[in-house]
Amino acid sequence: MSPRLPTRRADWRLLGRTLRLVLSIPTYAALAVLAAVLALSVFVFSQNVPLVSFALTGSLPLDGRLTILLERYPFVGTDFGPVTGLMLVAISGLTGADIAMVVYHVREHGLSVESGGGSAVGVVLGVLGAGCAACGSAILVGVLSLVGATGLLTALPLEGLEFTLLAAVVLVLSLYWLADGMRGGEIRGCPVDLPQSRPRN
């Protein structure tokens, strides 16, 4: 079964409803927040690995270590502008939601490759979506900075923000494919599929 793109309003409503139902469960909401914080930490720390390594291993007091690490985060330090910082936070949030959806789908629906082809495709794409966001956007920028190739980013129209936008698209698609794989099921007793509206007489 090949995944399809969300092209109808009903597809976006399905995505929003499924995401809301899953994240209304405290365990999965906490998992999403934890995964988002971890993802954001990986994104921002990968931008300056030598400095983070110095903060973790250097001869510094605890408050000095925390100051160096906390100032790497958007809106706390000055490493990122408002737009880039907002995009990093958004990507981290999408990554957290994606991971929570994958874990919910596998645990609560007892998913296996044999039991549900479409659902399994959604899970695989969901994992790839989170993984691609982690390795393909902010980290790539960090890797380029490590090898002295940051000049390549300035040649791009958005100076590297393209990678983050691409990661956002991948994550949204993976979330939709996960929701699509849950069609016909229930979350906390609520059907995933929206009731069809009756035509007016």
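This report walks through a predicted model of a protein, from its overall make-up to a few individual residues.

## About the model

Residues are counted from 1 along each chain as its sequence is written, and side-chain values use heavy atoms, leaving out hydrogens and water. Because the model is predicted, local features need pLDDT of at least 70 and side-chain atom pairs count only at pLDDT 80 or more, while totals for chains, interfaces and linings use all residues.

## The overall picture

Let's start with the whole protein. It has eight helices and two strands, where helices (H or I, at least four residues) and strands (E, at least two) are DSSP runs, numbered from the N terminus. Along the sequence, the pattern reads α-α-α-α-α-α-α-α-β-β.

Of the 201 residues, 39% are buried; here buried means under 20% relative accessible area, exposed means over 50%, and partly exposed lies in between (1.4 Å probe, protein chains only). The accessible surface is about 11,300 Å², with 67% of that belonging to carbon and sulfur atoms. Such areas come from the Shrake-Rupley method with a 1.4 Å probe, and for residues only the protein chains shown count as cover. Among contacts (heavy atoms within 4.5 Å) between residues at least 6 apart in sequence, 72% join residues at least 24 apart.

Now for a pair of helices. H1 (residues 9-23) packs against H5 (residues 82-108) at an angle of about 75°, and their axes are 10 Å apart. The axes are lines fitted to C-alpha atoms, for helices over the stretch in contact, and the angles run from 0 to 180 degrees between N-to-C directions. H1 and H5 are therefore roughly perpendicular to each other, a term for angles of 65 to 115 degrees; angles under 35 count as roughly parallel, over 145 as roughly antiparallel, and the rest as oblique.

On the H1 side, the contact is made by Thr18, Leu19, Val22 and Leu23, and on the H5 side by Ala97, Ala100, Met101 and Tyr104.

## Two salt bridges

The whole structure holds two salt bridges, each a side-chain nitrogen of Lys or Arg within 4 Å of a carboxyl oxygen of Asp or Glu. One joins arginine 8 to aspartate 11, with the closest N and O atoms 3.0 Å apart. Arginine 8 is partly exposed at 43% relative accessibility, whereas aspartate 11 is buried at 0%.

The other joins arginine 72 to aspartate 79, where the closest N and O atoms are 2.8 Å apart. In this pair arginine 72 is buried at 9% relative accessibility, and aspartate 79 is partly exposed at 41%.

## A nonpolar patch and a positive phi

Leu62, Leu66, Leu70 and Val76 make a nonpolar surface patch of about 400 Å². Patches are made of residues with over 30% relative accessible area and no salt bridge, with like charges joined within 9 Å and nonpolar side chains (Val, Leu, Ile, Met, Phe, Trp, Tyr) within 5 Å.

Phenylalanine 75 lies in the loop between H4 and H5 and is exposed, with 56% relative accessibility. Its phi is near 70°, a positive value in a residue other than glycine. Most residues other than glycine have a negative phi.

## A buried threonine

Threonine 164 belongs to helix H8 (residues 161-181) and is buried, with a relative accessible area of 6%.
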